[in-house]
Every structure is written in C-alpha cells, then in structure tokens.
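Let's take a walk through this structure together. Keep the sequence and the 3D view open as you read.

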Amino acid sequence: MLEVLGLRSAEEAVYSALLARPTASAQELARQTGLDQAESTRVLLDLAARGLVALATETGTGSGSGAPDAPGGEAGRGPDRYRLTPPSVALAPLLVEQRNALHRAEAAYSILTEQYRSTAAHAAGSVVEVVVGVEQVAHRFHQLQRGAQQELLVFLKGVPTAVPREDADLSESSALDRGVDFRVVAAKDYLDDLDVAGDLRSAISAGLQLRVVDSLPLKMVVSDRDRAMVPLDVSDSDGEPSAIVVHRSGLLTALVHLFEREWMHARPLYATAKGVRVEAEADPQPTEGELEVLALLLAGISDRRAASQLGLSIRTVERRTRRLMDLAGADSRLQLGWHAARAGWL
C-alpha cells in the first residue's frame, strides 16, 4: 500500500508492524516481520533518517534526539526502541511529492504531444498506422471512443468483425455520459437486426444523433477530428481483421468532409416505443435550432458569441451554419443571407 509513496516492501513491513504497538525494538520487529535483525535495524535507521520513525524517549533512557545513536543501544541499558512519527506529519510530504511528480509528468506529456502534433514534416508512415489482429483493432477502437473529449463521427454498415456490438455500446455510453457530441450515419442494412434497433433507441434517448442512408462506402470512426480509424479488407491481411488509424493530415480532413456530406443528405432517425423510425423525406428546411443560429449571424454576431448565447459548442454552431449554406446553395454568408430573405426563413 505504501510502495506508491516510495517505501520498499521491507520498509512497509516494518512501518506497518510499528502501527500496531507504541514502541518496539529492532529485534522485536525482526521477529514480527520475518526479517533478520540486521536488516530490521538497517530499515529502522533509514526510516528514521527520512523522519518516518523516531527513537522512543522513555524515562531514564534514550537520547531524545529523534534518531538512533547506535543499532544496539548504549552499554548499561536495553536495546533502542522506536516509535512512529504521526503519519499525518511524516507521510504528507511524500504524498505532496508524488502529486507534484504526477503533475510534472502530465505537463511533460502535454508538451510532448503538442510538439509532435505541431511538427511540420512527419515521416510518411506516421500519418497512417496499420493495425492488424482482432485484439489490436478492438484496442485502438476503444482508445478512440474513450479518448474523445468533444466529438465522435461514426459510419456504421454491415456486421461488426473485430468489435462486438455490446462492447461498442459500452464505449458509446461512456462517451455520451461525458457529454461528447456523438453523430452516427448508419446504412439501412445495419438496421435490419431487431436487437440493433432496440440498442439504437436507447442510445438516441441518451443523446446520440443518428441518421440513415441507403448505403455507405466504408466503416469509420473519427475522434475529435484528430484521429480516424477505417477497417481494411480482410483479404488484405490473411483473413485477420485489420484497420488503418489516420492521424491529423489532409487525408483525415477528407474523411471528415465525407462524413459531413453523408450527414447532410441522410435522414434522421427518431426513437419510438418499439424501436426507431426514419423521418419521412420532405423538402429540406432549416430546423428551429439552425434558424436561431442564422438570426444571430445575420445580426453580425460571431460564431463564438452565438455559441455562448445559445449555450452550444462552437462546433455545433459551425455545423448548423454549414448545413444552412448547403440548403441555400450558398458559397458565402452574404449569399446565405440573401437566400434566407428570399425563402422567407426569417
């Protein structure tokens, strides 16, 4: 238990033995811990030097200096006896030291990560990482989902090969609980399984945004627009499931753009008492939330201020603005305002 504070196993054994008695000699502690007396004495001397134990001061004995004078005590009196320094006094500095070390490690991790990301020229192999094998593919999939802090974008199609649906559902629930903006586009064939429909109903109720299309070109998960994972053809890896992990690059930007295009043309799914249903096709119109964003933008308010006023993330405001421009066929926000006036959106 105390190894995390820097105590070795022999030191922890002696320290724990002293917890159960007011004072003890090296010989008594040796018998209780199973150490030999020389080792017990050495450990006590080390603990005393670190302020964790002190020489017991008893009437007529002991120097009272707080540290042992000699392993065997002075001639004419019994062996030195030791007591614990109160843990609240002795162990608190060790705990603070460990916390500070952890903070330094976290700071170093952040610096190294940022330096890696900001390096202008990576080796070609660092942009795309190939992962082969069921365990490796599943491990990286869970890393992406559980590591997301802001946004997850997912394409679902066909039957899972490396990550069972129940395992994926656990990572999905964890992301939703953290407040991650979770959007999924599913191919129609993915919804054929009745169990899947029931699971999706629960996920939608928990905050998952789900849309459906007739077909998708690939499976995919994108985490915080920082990394993406795309399965490879099983035939390319001797029958073993495999995937590529794409790091921040032009390729990743293209995958995010592909998702946004599919999302724009997909039809929303809604939870029902028995499962999910697809929204009927109709002439695309801005939603109430998109019109709220549009009104603020036309008033000259920046995306960041609009997000703050509406209680949304900046990504949500940008996404709604993109969809408005797509609906209007506009290439600029000026054209968007002109189309909104002609179409009577506001």
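## What you are looking at

This is a predicted model, where local features need pLDDT of at least 70, side-chain atom pairs count only at pLDDT 80 or more, and totals for chains, interfaces and linings use all residues. Residues are numbered from 1 along each chain as its sequence is written, and side-chain values use heavy atoms, with hydrogens and water left out.

The pLDDT is the predictor's confidence in each residue, from 0 to 100. Its mean over the chain is 79, and 79% of the residues reach 70 or more. Helices and strands here are DSSP runs numbered from the N terminus (H or I, at least four residues, for helices; E, at least two, for strands). Confidence is highest in strand E8 (residues 220–223), at a mean of 94, and lowest in strand E12 (residues 276–278), at 58. Over residues 59–71 the pLDDT is below 50, and this stretch has 18 contacts beyond near neighbours in sequence; a contact means heavy atoms within 4.5 Å. Residues 120–124 also stay under 50, with two contacts beyond four places in sequence.

## Helix H3

Helix H3 covers residues 37–49, 13 residues in total. Ser40, Thr41, Val43, Leu44, Leu47 and Ala48 are its buried residues. Buried means under 20% relative accessible area, exposed over 50%, and partly exposed in between (1.4 Å probe, protein chains only). Seen down the axis, the buried residues of H3 fall within an arc of 165°, so they line one face of the helix; the arc is that of the directions from the helix axis to the C-beta atoms.

What covers that buried side? The cover includes helices H1 (9–19) and H2 (26–33), plus strands E2 (53–55) and E3 (81–84). On the face turned away sit the exposed Ala38 and Ala49. Asp36 caps the N-terminal end of H3, with a side-chain oxygen 3.2 Å from the backbone nitrogen of Ala38. Just after the helix, Gly51 takes a positive phi of about 80°.

## The nonpolar cores

A nonpolar core is a set of buried Ala, Val, Leu, Ile, Met, Phe, Trp, Tyr and Cys residues joined through side-chain atoms within 4.5 Å. The largest one has 30 residues, of which Leu152, Phe182, Leu210, Val221 and Met229 touch the most other members. Elements giving it two or more residues include helix H7 (165–177) and strand E6 (181–187), while H6 gives the most, with four. Apart from this core lies another, of 20 residues, among them Ala17, Val43, Leu52 and Leu55.

## A few single residues

Glu28 sits in helix H2. A polar atom of the Glu28 side chain lies 3.0 Å from the backbone nitrogen of Ser25. Beyond four places in sequence, Glu28 is in contact with Arg21, Thr23 and Arg81.

Most residues other than glycine have a negative phi. Asp224, however, has a positive phi near 55°, and Arg225 has a positive phi near 55° too. Asp224 lies in the loop between E8 and strand E9 (227–231), and Arg225 is in the loop between E8 and E9. Asp224 counts as buried at 17% relative accessibility, whereas Arg225 is partly exposed at 23%.

Technical notes:
Expected span 1.5 Å × (residues − 1). Polar contact = N/O pair within 3.5 Å; in protein donor to acceptor, adjacent residues only side chain to side chain.
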